[in-house]
Amino acid sequence: MNSGEHEILSKTYDPKKVEQKWYDFWKEKGFFHAEVEEEKEPFCIVMPPPNVTGSLHLGHALNNTLQDILIRFRRMQGYNTLWLPGTDHAGIATQTRVEEHLTKTEGKSRHDLGREKFLERVWQWKEKYGGQITKQLSLLGCSCDWDRERFTMDEGCSRAVREVFVSLYKKGLIYRGNYIINWCPKCQTTISDIEVEHEERESRLWYVRYPLKDGTGYITVATTRPETILGDTAVAVNPDDERYTDMIGKTAVLPVLGREIPIIADDYVDPNFGTGAVKITPAHDPNDFEVGRRHNLPQITVIDQEGKMTKEAGKYEGMDRYECREQLVRDLEDMGLLVKAEEYTHSVGCCYRCGTVIEPLVSEQWFVKMKPLAEPAIKAALEGKVRFIPERFTKIYLNWLENINDWCISRQLWWGHRIPVWYCNQCGSEMCEYEDPEACTACGSRDIYQDPDVLDTWFSSALWPFSTLGWPEETPELKHFYPTSVLVTGRDIIFFWVARMIFMGLEFMKEVPFHEVFIHGLVLDSLGRKMSKSLGNGVDPIEVIDQYGSDILRFMLVTGNTPGNDIRFHFERLEGTRNFANKIWNASRFALMNLGDYEGGGEEIKPELEDRWILSRYSKTVKEVTKNLENYELGEAARSLYDFIWNEFCDWYIELAKDRLYGKVSEESRRRAQFTLSFVLGNTMKLLHPFMPFITEEIWQKLPHEEASIMISSWPKPNSELEDEKAEEQMNLIMEIIRGIRNIRAEMNIKPSQKVEIIASVKDDATADIIHRGMDHIKKLAGVSKAEIVIDLKEKPQKSAAAVVSGAEIYVPLEGIIDFEVEIRRIEKELSEISQELKKTDKKLSNEGFLKKAPPQVVEKEKNKKLELEQKKTALEERLKMLR
């Protein structure tokens, strides 16, 4: 056994002196690295790969803290533990950043450089900035296996992407076709449905009359996008809408352009929206596209990829889409075809990357057929092969998969996995093979070229759980660690990533990629808003680590965190957690000062009540923390540890054991206290280690230990022999009495140096015996000079304050302790001030204007204030009655 260095800890805890030192130590010793150990049960997590050129934000900090807690916990439990890290090439994000840098520094676009040269620049950028986020994850204390770090565009992952694409293509599950897609005019690329962010925006609903060809009148439609009128190829009504029964089959004339379009019936139309008649623009609206397919309507593109009007838009050609909107509305008004325009709030789709309003366009793209892949993924969740924590997210996952559209996987970018399809200029053949072709497989011509598009970033991310373990090769890692144990991810990427990993895992590995999906919420600001650049409310986790240390940030992010729910970031909570770290440090420092000559042993000596009590509470805490970690209730595990360490171990046990540790009782009693102190402190540091790895290692290394590091020591197990209900019951009574006397002293303004006498009225001999045996503690910790224990006291002592505890009443006679006249005057003055405050509060709360105009939280605050004042008033009146 290493008896610990028995150095005394420095007076204050300085994370800067501790954190880097231990991280380097763990890394050098290879404690993060995992080899396949067949005889051990595997526990594996693949890290959701952050963007390679990104930097750590609070969402990453929360996500990786949760993963690290689970990994450190399972490692200490003896599992063969692998946490596999890596980064994502992040197509649009990375390409945009490099392009912006190029424009800023050289005044050039990617087109000036050409594809090959531009990609060289992106790789250089990746080499220069790609390591930033992994360095930041190290600062957070992440114990991942850096020897196995992966990148979505490394050789192995790229090989897996090629294998998957070609396999799905040959099965007929990947196809090219014209389809309506989401186009970002700024990023100049397609983005998938789930990359579109919907925002509520103020707009207008324009009512426009379309003349009927037969001259019998008009049909009026309502639209939020008048510029798309120019691309209309029909007007649709609901077949059950009696208002329009006579119009179905007639022909309307398109305003401005004069094109003749049919009036059709389709169940898609909501009779309650606008007039019940809707314009159909198949080339610029996904719902209209489907209606158009059902009715064989032509697709007329009037807005191009730049967001400008095309030749098909007639005299509006070349105008920006919004400029055209304004002009067209003016023209419709002049023609007498604009009925009215109403204020209207509706949801607008925007690019998740740059915020530009999406333009739905019909375009030739590559798609994955989703129905055949979605069905096994639905079945896996229904059969419990993959379990969502919390359970409510299963419904969201199933709902998305059950209503899924084909996945558009092509992107008009240069950075990413280029689509492995070649075309022949001679015969027009299309080729998709596992290796790059040198000539056309149909006609032998060497005049072939590769598809210019790249794959959606999420395509390679969907393979992450098996591509990172070596697939398509059958590696020992893949065999041992797949399926992985749990995926830890934010609630915002269930569709982007989780569902896709599940269906890709089932398709290529015939097994789910993980058994459990542990979902956490987002980190919001203190007002409950999303953190964003525009609001300027972002918090840099690296700055927090620099100021407070990694342990403080980690513990603060976890406490109060429940699966699936968002958390609010409060700087006050960081301060509270720092106080907790200081409490641990000071308690450990005290312990080490009193363990200087301790060399183990003492367990055989009969324990005192406080020893039995703390050991019982410790064993129950082990049980609770372990159970909560296994159930992904990490916030609950942290809370029970906080309560045990602060309230029971530091505030009570250390205080109760001080005289014994100082040798004031006996040498034997001192050794027993040393054993209890060392045992509980050492094992509690183990329980706390997954949450606060650095401070726990620093303290643990100075205590008696056997392993080289706390992170590879064994996880504590509960011991039913230590659990002692009787000791807990007896100790609780003694603590209750001490607390009751302390409260009386505080309420009556009794000076700390002033000793008091007490009379304890008890129900029976058993209670009297417990109090009698705990009297030394009561005297020392409550400032008591003399105590009398009476069974069933007949008459309450005059002018005394009382505390009611379990099975006893404790009286503190006040005669000679306080100046009654002075105390009465002080209470009367305080009561007068409270009465004044109550009058003001009552006036406010009876004011109808205040109740109507003030925000609900302000009214609530005032009501709470009134309640507190009334409670305080009652307590003071009681005290005054007793003093008189």
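## A buried tyrosine

Y397 is buried, with a relative accessible area of 0%. Buried means under 20% relative accessible area; exposed is over 50%, and partly exposed lies in between (1.4 Å probe, protein chains only). F388 also counts as buried, at 1% relative accessibility.

This is a predicted model, in which local features need pLDDT of at least 70, side-chain atom pairs count only at pLDDT 80 or more, and totals for chains, interfaces and linings use all residues. Residues are numbered from 1 along each chain as its sequence is written, and side-chain values use heavy atoms, with hydrogens and water left out.

## Aromatic pairs

The structure holds 39 aromatic pairs. In one of them, the ring centres of F388 and Y397 are 4.9 Å apart and the planes meet at 45°, so the pair is tilted. Rings of Phe, Tyr and Trp (its six-membered ring) pair if their centres lie within 6.5 Å; planes under 30 degrees apart count as stacked, over 60 as edge-to-face and the rest as tilted.

W407 and F459 have ring centres 5.9 Å apart and planes at 40°, so this pair is tilted. The pair links distant parts of the chain, 52 residues apart. W407 is in strand β16 (residues 407-408) and F459 in helix α12 (residues 457-461). Helices (H or I, at least four residues) and strands (E, at least two) are DSSP runs, numbered from the N terminus. Both W407 and F459 are buried. One aromatic cluster includes W407 and F459, along with F165, Y169, W366 and F503.

## Charges over rings

The charged end of R110 sits over the ring of W414, 4.7 Å from its centre. For K126, the charged end sits over the ring of F151, 4.4 Å from its centre. A charge sits over a ring if NZ of Lys or CZ of Arg is within 6 Å of the ring centre and within 35 degrees of the ring normal.
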